[in-house]
Amino acid sequence: MSDHTVAVTDGSFSKDVLESNEPVLVDFWAEWCGPCRMVAPALDEIGAEYQGRLKVAKVNIDSNPETPTKYGVRSIPTFIVFKGGKPVAQQMGAMPKSQLKAWVDSAL
């Protein structure tokens, strides 16, 4: 994690994501996932660029199995944008930063 992404657990998901005053981009990932590691720098940059407008959170599916199950995450990386405590957009698979930003912008 970095200054621009926050690690979220099953226990903190409600407080960190669902009760957030700003939209939250959640990255469901795992240490062993190559595409997840590949997209991580872009997510960090998005967290910095969108600071104050969007929070970027990461949920490790191996150590936090409840939350991905609840939101139907079946492959990783999966990205979900939450606004007002509800999922408003979902995307699966790694993508270039420009494509990720365009998707985030359409969800905001």
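1. A quick definition to start: a crossing of two helices is left-handed if the near helix is turned anticlockwise from the far one by less than a right angle, and right-handed if clockwise. By that rule, α2 passes α4 in a right-handed crossing.

2. Some housekeeping: this is a predicted model, in which local features need pLDDT of at least 70, side-chain atom pairs count only at pLDDT 80 or more, and totals for chains, interfaces and linings use all residues. Residues are numbered from 1 along each chain as its sequence is written, and side-chain values use heavy atoms, with hydrogens and water left out.

3. Back to the helix pair. Helices here are DSSP runs (H or I, at least four residues), as are strands (E, at least two), numbered from the N terminus. The axes of α2 (residues 34–49) and α4 (residues 97–107) come within 10 Å and cross at roughly 45°. Axes are lines fitted to C-alpha atoms, for helices over the stretch in contact, with angles from 0 to 180 degrees between N-to-C directions. The two helices are therefore oblique to each other (under 35 degrees is roughly parallel, over 145 roughly antiparallel, 65 to 115 roughly perpendicular, and the rest oblique).

4. Who touches whom? Contact means heavy atoms within 4.5 Å. From α2, Val39, Ala42, Leu43, Glu45, Ile46 and Glu49 meet Lys97, Leu100 and Lys101 of α4. By class, that contact has five nonpolar, no polar and four charged residues (Ala, Val, Leu, Ile, Met, Phe, Trp, Tyr, Cys and Pro count as nonpolar, Asp, Glu, Lys and Arg as charged, the others, Gly among them, as polar).

5. Next, the largest nonpolar core: it has 17 residues, and those with the most contacts inside it are Phe13, Val17, Val26, Phe28, Ile76 and Phe82. Such a core is a set of buried Ala, Val, Leu, Ile, Met, Phe, Trp, Tyr and Cys residues joined through side-chain atoms within 4.5 Å. The largest share, four residues, comes from β2. Apart from this core lies another, of 15 residues, among them Ile46, Phe79, Val81 and Trp103.

6. Not counting residues up to four places away in sequence, threonine 67 touches Asp10, Phe13 and Phe28.

7. Finally, glycine 93 sits in the loop between β5 (86–92) and α4. At 23% relative accessibility, glycine 93 counts as partly exposed.

Key:
Buried means under 20% relative accessible area, exposed over 50%, partly exposed in between (1.4 Å probe, protein chains only).
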